[in-house]
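Here are my notes for anyone opening this one for the first time. Have a look at the picture, then read the points in order.

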Amino acid sequence: MHLRSALLGATALSLATVAAAQAETITIATVNNGDMIRMQGYTDTFTEQTGIEVEWVTLEENVLRQRVTTDITTKGGQFDIMTIGMYETPIWGANGWLVPLNDLSAEYDVDDILPAMRNGLSHEGTLYAAPFYGESSMVMYRTDLMEAAGLEMPEAPTWEFIREAAAAMDNPAEDINGICLRGKAGWGEGGAFITVTGNSFGARWFDENWTPQFDQPQWKEALEFYVNLMNDYGPEGYATNGFNENLSLFQQGKCGMWIDATVAASFVTNPNDSTVADSVGFALAPNKDGVEKRANWLWAWALAIPAGTQKEASAKQFIEWATSKEYIELVAANEGWANVPPGARTSLYETAEYQEVPFAAMTLDSINAADPTDPTVDPVPYVGIQFVAIPEFAGMATEVSQEFSAAYAGQQSIDEALAKAQDIATEVMEAAGY
Amino acid sequence: MARAVTTQRKAINTTLAWAIGLLIFFPILWTILTSFKTEAQAIANPPIFIGFDWTLENYSIVQERSNYMRFLWNSVIIAGGSTILGIIIAVPAAWSMAFVPSKRTKDILLWMLSTKMLPAVGVLYPIYLLFIQLGLLDSRIGLVIVMMLINLPIIVWMLYTYFREIPGEILEAARMDGASLREELLYVLTPMAIPGIASTILLNFILAWNEAFWTLNLTAVDAAPLTAFIASYSSPEGLFFAKLSAASTMAIAPILILGWFSQKQLVRGLTFGAVK
């Protein structure tokens, strides 16, 4: 009897030991971009520290959005952590789909997160996603071409100056376009750019009563300025150019200026990929003379935990590690300060070594200049700068941007595009009961 | 003179066939070439065709980042499993429609085809919820069933077309000789329809291999096939064309090789009964 009890006890003990030794595995859905891929490379460090294994599901941004939306709305439970953006976080947080991140450890120092990022990733003061990296948008320009044109880029240019500089740098004989901007349809592509351009001309998506505003003169002025600028000094076929197309053009020395995500700064200054790496300058995104708002957006790729995951504690542990100061130091030690994930923590911009990175100060200034709660001149009922944080926005804005892209391509007039945009927005908002 | 015209026409036809063939193959060729370039060379304008420094770096990075063999194995299981299951179900179905038709046979065939006309995304949520209930999310068996159901109308239609070319009298003779239904299907019908069945198998395998809606939406880690492997290298914010091309080349290589070796069978099957 004693022997039997002893054997049973030993078996139970060994089973418990095996169970404890078996590491928990968390599954993370993420996007394919440089910083996220880099993080995957450091996963072993996290596993060594915690014993938690990590499985990655990397998908293209739009596929990821569809995939995680399906999973979270059906409570599929496929992922323990999701990489989501500033658009989804407040909406999903409000719906109770995400685990609140209000009990992060003291060492994590949640107050160190840049206020703009923290606000954008919160709903009613509760943080629902931790920013892995953040971005705004700014002007990237060729310092050599500016010098040759006899111009000097101000730190905060106006659209009028941008047009003047584009005219001066445009050189079709040398295959150099004065300016390259997004025109591709899609709410996150050309839609985002024209929305912030609209803000910098005083336009807005909706008034305080959720009435669409595409019939207002500010939108017409913004669109006309953009189309004339691009027709005169932009690349051929700009209506289908997005981030990647313009990055490719700029890296090959075919753009005098490019206004886009601050994260592009590390790409265009990387001598391995860019032919103009040593002659790139930065400035704040422009505004129309006399309008206080600039054409810069605010975005973050952040890590969130879907409600209902069985591995909440491990997921939280990973998020604390991946978005910590220690992770930034780990990347800096191995790959240099220019390669750390930018735009998430205040302390990063206080680090002396990081202050020497050429685009660091302008990135921070651009982020600080963006206020999602006050995106344009007149008051709005929504939160978001390059988007409107309501569930209906993605579909509606994609349709609107398709109409705008058709106008860029010369398939319809600006007036026609704006009239259709007004109809689309009105129909969607009425159907949604606003 | 007639001989000269024939030779000339033959030369034109050959040139035209090669030109069309190359045109169709060009995107694949370009992908393969790009996979050996650096990222900077991949986006060069004007594009560099051959005169670049060939590198295997992209393949090495892709190998390092992803577990290619796991994706490949999942693709083989999903495409192979759904094809076998589909054929097992479709052969008797096509037999009954070809040799024992009812007045509703044509309607049934058309109805089966009509299921292909519904956009897949329209039934994503119901299927997803079913998969959650049945515990089939991210499982190979779940994907095998879905792939089989998606391609079943095409398999039935193809087999029906081939079976219609086979004289019913031969089957009747087998029956008179005492063959059971199973024997009739296995030992008489199947051997005669081998080219048709083979090409159906190949086509279905290729369709299942390349399917990228359900395989992306119903898998995560364990059952993710090569379509998910490719998707992980696509990015709207960052230029990774060379790596994406390397991943694509690795994903299509097995099916290209299979297609190359079985092209004779495939063409024979697809043109079966085309000329009477």
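1. Let's start at one residue. Leaving out residues up to four places away in sequence, Ile78(B) touches Arg140(B), Leu143(B), Val144(B), Met147(B), Ala208(B) and Pro225(B). Touching, or being in contact, means that the C-beta atoms of two residues, placed from the backbone, lie within 7 Å. Ile78(B) counts as buried because it has 30 C-beta neighbours inside 10 Å; the cut-offs are 20 or more other C-beta atoms within 10 Å for buried, 12 or fewer for exposed, and partly exposed in between, again with C-beta atoms placed from the backbone.

2. A word on what you're looking at. This is a predicted model, in which local features need pLDDT of at least 70 and side-chain atom pairs count only at pLDDT 80 or more, while totals for chains, interfaces and linings use all residues. Residues are numbered from 1 along each chain as its sequence is written, and chains are lettered from A and ligands numbered from 1 in the order in which they are written.

3. Where does Ile78(B) lie? The residue is part of helix α4 (residues 68–99) of chain B. Helices here are DSSP runs of H or I with at least four residues, strands are runs of E with at least two, and both are numbered from the N terminus. For a sense of distance, Thr6(B) is 72 residues from Ile78(B) in sequence and 48 Å from it in space, C-alpha to C-alpha.

4. Chain B as a whole is a helix story: 14 helices and zero strands. Its C-alpha atoms fill a box of roughly 75 × 70 × 30 Å along the principal axes. Of its 276 residues, 33% count as buried. Among contacts in chain B with a separation of 6 or more, 81% join residues 24 or more positions apart.

5. For residues 108–129 of chain B, the figures are 59% helix and 0% strand, with 28 Å between the end C-alpha atoms. Residues 72–262 of chain B come out at 75% helix and 0% strand, and their end C-alpha atoms are 20 Å apart.

6. On to the interface. Chain B puts 24 residues in contact with 26 residues of chain A. On the chain B side, α2 (39–42), α6 (124–134) and α11 (214–217) give two or more residues, and α6(B) gives the most, with five. By class, that side has 15 nonpolar, six polar and three charged residues. Ala, Val, Leu, Ile, Met, Phe, Trp, Tyr, Cys and Pro count as nonpolar, Asp, Glu, Lys and Arg as charged, and the others, Gly among them, as polar.

7. Chain A has both kinds of element, with 19 helices and 10 strands. Its radius of gyration is 24 Å, close to the 22 Å from the globule rule for 434 residues, so chain A is as compact as a globular protein of that length. That radius is taken over C-alpha atoms, and the rule is 2.2 Å times the number of residues to the power 0.38. Buried residues make up 51% of chain A.

8. Chain A is assigned domain 1 (23–135 + 298–360) and domain 2 (137–297 + 372–431); such bounds come from an automatic or database domain assignment. The contact between the domains takes 14 residues from domain 1 of chain A and 16 from domain 2 of chain A. The domain 1 side has nine nonpolar, four polar and one charged residues.

9. Last, find strand β1 (residues 25–31) of chain A. Six of its seven residues are buried, so β1(A) is largely enclosed by the rest of the structure. β1(A) pairs in the parallel sense with strand β2 (residues 53–59) of chain A over seven bridges, and with strand β3 (residues 81–84) of chain A over two bridges. Pairing needs at least two DSSP bridges between the strands. Ile26(A) has Val54(A) as its bridge partner in β2(A), and Ala29(A) stands opposite Met82(A) in β3(A).
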